[in-house]
Amino acid sequence: MLQGFLRLLAGLPLGVIQGLGWLLGWLVYGLSPAYRRRLRENLAQSGICGSDEEFRRVWRLAAGESGKGIAELIVVWFRSLDRVDALVRECLGWEHVEAARAQGKGIIFLTPHLGCFDISALYAARRLPITVLYRPPKLSWIEPLMRAGRARGRVTLAPTDLRGVRALFRALKRGQAAGLLPDQAPGLGEGVWADFFGRPAYTMTLAARLAGASGAAVLPAYARRLKGGRGYIIVIKPRLDLPAGPEDAAAAVNRAVEDLVRECPEQYLWSY
C-alpha cells in the first residue's frame, strides 16, 4: 500500500518533489541542534570554504540539498527505469567505463554521499550489470522500500558481510561493475585511519582489496543535481590507481572523494 502511494507521488514533477525536500531539509536543520552543529562543524573542519561568506553560502545550501536528497528518492526509486534514466541529462566521462571494458576489466564505481548517488547505479545498470554494496537501514520498515527501489534492472544488492564481498568479487571477475560508498564508515577491523579533509577518518579498504584481487578499474563518480528540478549530470573521473599498502590506498581514496566534493560542496552530506 505504501509503495503504491509512493509510486503515485513519483509522478509529480521532480522540481516539486525536490522543493518539498528543500523544506524538509530546513525543517530538520531548524529542529535538531545536534544535526545543525554536526553539519556546520564538519564543513568548517574541511577547510573547503575560503571565506566566512563562502562558508555561510555553502551550509545554507547544504541544509536544503540534504532534504532534496531524501525526497528525490521517491522519484528515483518508484518511477519506471526509462523515466529515471531520462532524468540524466548528460554523462561526462563514460569513455573511462568503455576503456576499462575494452580491456576486459571489471569496474569499481566509488560514489560518495554527494548529489543523487542512487541514480548513478540505476544509470550504470542500464548499460552493464552492477552489484552494489548494501547496508540494511536502522529502521526496518524502510528496508523493503529501499530494496524495491534499488534492486531494479541489472542492479544486484550485496550485503555488507563476507557473502556480499564475495558477490562483488565474482561480479568484477566477470567483467561487470561494483558500486561502493567510499565515505561510508566500515565495520571494526575492516578499515584503516586515513586523512579526510584534515581529520583522521576510519576509511574502508575494500575498494583497494577488490581492485588488487580482480584487476578492476576504480572510477570515482557522482551525480550532480541540477537546479530547478531539471535532472542530473553524471560525472565519471579517470581511473584511480591505488597504492599497494592499505593506509596509502585509503588515503588515495579519500583524496579522490575530496576532489569530487570540491566540485559541488553544497551537495555533500556534511552531516554524515
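Modeller: Let us begin with helix 10, residues 162-173, which has 12 residues. Keep in mind that this is a predicted model.

Colleague: What span does helix 10 reach from its first C-alpha to its last?

Modeller: At 1.5 Å a residue, 16 Å is expected for helix 10. The model comes close to that. The span of helix 10 is 17 Å.

Colleague: Why do the buried residues of helix 10 count as being on the same side?

Modeller: The buried residues of helix 10 are G164, A167, L168, A171 and L172. They lie on the same side of helix 10 because the arc they cover around the axis is only 135°.

Colleague: Which exposed residues does helix 10 carry on the face turned away from its buried side?

Modeller: Exposed here takes over 50% relative accessible area. On helix 10, the residues on that face are L162, R163 and K173.

Colleague: Which elements do the buried residues of helix 10 pack against?

Modeller: Strands come into it: strand 2 (107-110), strand 3 (130-134), strand 4 (155-159) and strand 5 (177-180). The list for helix 10 also has a helix, namely helix 11 (206-214).

Colleague: Now helix 2. Which of its residues are buried, and what arc do they cover?

Modeller: Helix 2 runs over residues 14-31 and reaches 26 Å, close to the 26 Å expected. Its buried residues are L14, I17, Q18, G21, G25 and Y29. They sit on the same side of helix 2, because they cover an arc of only 115°.

Colleague: What sits on the face of helix 2 turned away from its buried side?

Modeller: The buried residues of helix 2 pack against several elements, among them helix 1 (2-9), helix 5 (73-78) and strand 9 (232-236). The face turned away from the buried side carries exposed residues. In helix 2 these are L20, L23 and L31.

Colleague: At what angle do helix 2 and helix 4 pack, and is that crossing left-handed or right-handed?

Modeller: The axes of helix 2 and helix 4 are 6 Å apart, at an angle of about 120°. That makes helix 2 oblique to helix 4. The contact involves residues including W22 and W26 of helix 2 and W59 and E65 of helix 4. Helix 2 passes helix 4 in a crossing that is right-handed.

Colleague: How are helix 2 and helix 3 set to each other?

Modeller: Their axes come within 5 Å and cross at roughly 105°. V28, Y29, G30 and L31 in helix 2 meet P33, Y35, R36, L39 and R40 in helix 3. Angles of 65 to 115 degrees count as roughly perpendicular. Helix 2 and helix 3 are therefore roughly perpendicular.

Colleague: Where is E90, and how does its accessibility class come out?

Modeller: E90 is in strand 1, residues 88-92. Leaving out residues up to four places away in sequence, E90 touches Y232, I233 and I234. Its relative accessibility is 39%, so E90 counts as partly exposed.

Colleague: What separates the C-alpha atoms of E90 and I108?

Modeller: Along the chain, E90 and I108 are 18 residues apart. Their C-alpha atoms are separated by 21 Å.

Colleague: Last, helix 12. What do its buried residues pack against?

Modeller: Helix 12 covers residues 246-263. Its buried residues include A249, N254, E258 and V261. The buried residues of helix 12 pack against strand 2, strand 6 (191-196), strand 7 (199-204), helix 11 and strand 8.

Key:
Residues are numbered from 1 along each chain as its sequence is written. This is a predicted model: local features need pLDDT of at least 70, side-chain atom pairs count only at pLDDT 80 or more; totals for chains, interfaces and linings use all residues. Side-chain values use heavy atoms; hydrogens and water are left out. Helices (H or I, at least four residues) and strands (E, at least two) are DSSP runs, numbered from the N terminus. The expected span of a helix is 1.5 Å times one less than its number of residues. Buried means under 20% relative accessible area, exposed over 50%, partly exposed in between (1.4 Å probe, protein chains only). The arc is that of the directions from the helix axis to the C-beta atoms. Contact means heavy atoms within 4.5 Å. Axes are lines fitted to C-alpha atoms, for helices over the stretch in contact, and angles run from 0 to 180 degrees between N-to-C directions. Angles under 35 degrees count as roughly parallel, over 145 as roughly antiparallel, 65 to 115 as roughly perpendicular and the rest as oblique. A crossing is left-handed if the near helix is turned anticlockwise from the far one by less than a right angle, and right-handed if clockwise.
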